[in-house]
Amino acid sequence: MMDDDPIELAEGVWWVGARLADDTFQCHAYFIDNGLNSVLIDPGSPLTIESTLAKIASIADPESIKYLVVHHSDPDIAAALPYLSDTLMRSDVVVVTEWRAMALLKHYKHRFEYYLAEEHDWTIPLSAGRALQLQFTPYLHFPGAMVSYDTRSQIVFSSDLFGGFVPDSTILISHDLDYVLDNARPFHQHYMPSTQLLAAGLGRIQKRWPTIRLIAPQHGHVVAGEIVNAAFEGLKGIDCGVFTLADADLDLRRLLRISEAKARITEALLTIAEPATLVAAINAILAGTHEARECALYVDLPGDGWTMWGQEFSKPISRPPDPAWPLVDLPGNPAAVLAIHTQDDTHPDEDLMRMLHDMSPTMRPARWFCQPPGRASRGRYCAGRRAHRPPHRAGQPARARSTTPHW
Ligand SMILES: [Fe+2]
Ligand SMILES: [Fe+2]
């Protein structure tokens, strides 16, 4: 339960955040009581710093603080620096950060010297045998972002990683994996730039610190030890960076559907070599987005002319693309297009079409249509094997005909 008292997470390691009324975005600060080399982690802002210092004063002398760890330069972490600059009297207090954050932190106009993590082997020595280790987590969500780990308590101070919007700010430590992930998911979807970067950063943390007793983030919930590993794995699967898909509007749920379709099409392209199978797969994927009804693939085959693979036909048929359908050009030779039908024959979602256009160079592996005669194998089309068929004359009305698939 969060109240006006500090909460001890491990011996000498305290939560000293300030609870903001009517705010789902709670900000946590942490204090490591380490004598004259004590540490304040992610100090906070003018909204929280007085409450944080009052909590510290109930544990130890605030003048024991030597290190102000600023995991990145956001105002919810660092806007308290001018206040601390005026309030703390010690002359040797340092701001621990990374150079890219330092470049911004000076704009807060504080008096502290810097202790750059990269110049100190990513470590702050504390008492004998104890250190606060720092780990670079680039682009999560700041280019020079980092997290830290107390070697004695084995707590990771994860800054914005594992952060979340919380429906109940009275809960600090959570033992409920689903609850933690449900609250962390929208925060990461909005603030973290990509799933790949997120998974890479989390993997670095796990590799460096195989034993983690607690995860103490700057927002959301402290993650209890028994769900730490599952929380790492759950967080790695969160779909981030979807705003790169946005042009039409910023509806996150719609973008997540498009992002999922993109991931599944990419996966399908790795294993599918046949046009018919690909069309079936893309149709199934697009149906799940609720943005498109069906798609068909048209290829202008040498000697045969436009040939269509669609989900309503068990075999490819001779048919040119219907100009009434929105088309995605699949660049290359022979000409090929993907035609998209919408649920109600309106124009498909702009962002969905843009995603398909972006993916189009990968949607026609060269092996589909470029196998030299005599080297075709089942499952791959060889134009040379169809050369004996009568050519499809330009301008001739499209006619459905039975075409034997050549795979
Ligand atoms: Fe941040
Ligand atoms: Fe933050």
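Is Gln154 buried, partly exposed or exposed, and how many C-beta neighbours does Gln154 have inside 10 Å? Gln154 counts as partly exposed, with 17 such neighbours; a residue is buried with 20 or more other C-beta atoms within 10 Å of its own, exposed with 12 or fewer, and partly exposed in between, C-beta atoms being placed from the backbone. This is a predicted model, in which local features need pLDDT of at least 70 and side-chain atom pairs count only at pLDDT 80 or more, while totals for chains, interfaces and linings use all residues. Residues are numbered from 1 along each chain as its sequence is written, and chains are lettered from A and ligands numbered from 1 in the order in which they are written.

**Overall make-up**
- The protein has 10 helices and 19 strands, taken as DSSP runs numbered from the N terminus (helices H or I, at least four residues; strands E, at least two).
- Of the 407 residues in the protein, 41% are buried.
- Two residues are in contact if their C-beta atoms, placed from the backbone, lie within 7 Å. Among contacts between residues at least 6 apart in sequence, 63% join residues at least 24 apart.

**Nonpolar cores**
- A nonpolar core is a set of buried Ala, Val, Leu, Ile, Met, Phe, Trp, Tyr and Cys residues joined through C-beta atoms within 7 Å.
- The largest such core has 64 residues, of which Tyr30, Leu68 and Val70 touch the most other members.
- Another core, of 29 residues, lies apart from the largest one, and Val242, Leu297, Met355 and Met363 are among its members.

**Helix packing**
- Helix α6 (residues 195-208) and helix α7 (residues 228-236) have axes that come within 9 Å and cross at roughly 160°. Axes are lines fitted to C-alpha atoms, for helices over the stretch in contact, with angles from 0 to 180 degrees between N-to-C directions.
- α6 and α7 are therefore roughly antiparallel, the term for angles over 145 degrees.
- Their crossing is left-handed, meaning that the near helix is turned anticlockwise from the far one by less than a right angle, whereas clockwise is right-handed.
- In α6, Leu198, Ala199, Leu202 and Gln206 meet Phe232, Leu235 and Lys236 of α7.
- Helix α5 (residues 177-191) packs on α7 at about 35°, the axes being 10 Å apart, and the crossing is right-handed.
- The contact joins Leu177, Val180, Leu181, Ala184 and His188 of α5 to Ala230, Ala231, Gly234 and Leu235 of α7.

- Asn34 sits in the loop between β3 (30-32) and β4 (38-41) and is buried, with 22 other C-beta atoms within 10 Å.
- Asn34 and Ser127 are 93 residues apart in sequence, yet 6.7 Å apart in space, C-alpha to C-alpha.
- Asp351, in helix α10 (residues 350-359), is buried, with 22 other C-beta atoms within 10 Å.

**Backbone geometry**
- Most residues other than glycine have a negative phi, and most peptide bonds are trans.
- A cis peptide bond joins Leu140 and His141, with omega about -10°; His141 is in the loop between β9 (131-136) and β10 (146-150).
- Gln154, in the loop between β10 and β11 (155-159), has a positive phi near 60°.
- Ser159, in strand β11, has a positive phi near 55° and is buried, with 28 other C-beta atoms within 10 Å.

Notes: Angles under 35 degrees count as roughly parallel, over 145 as roughly antiparallel, 65 to 115 as roughly perpendicular and the rest as oblique.
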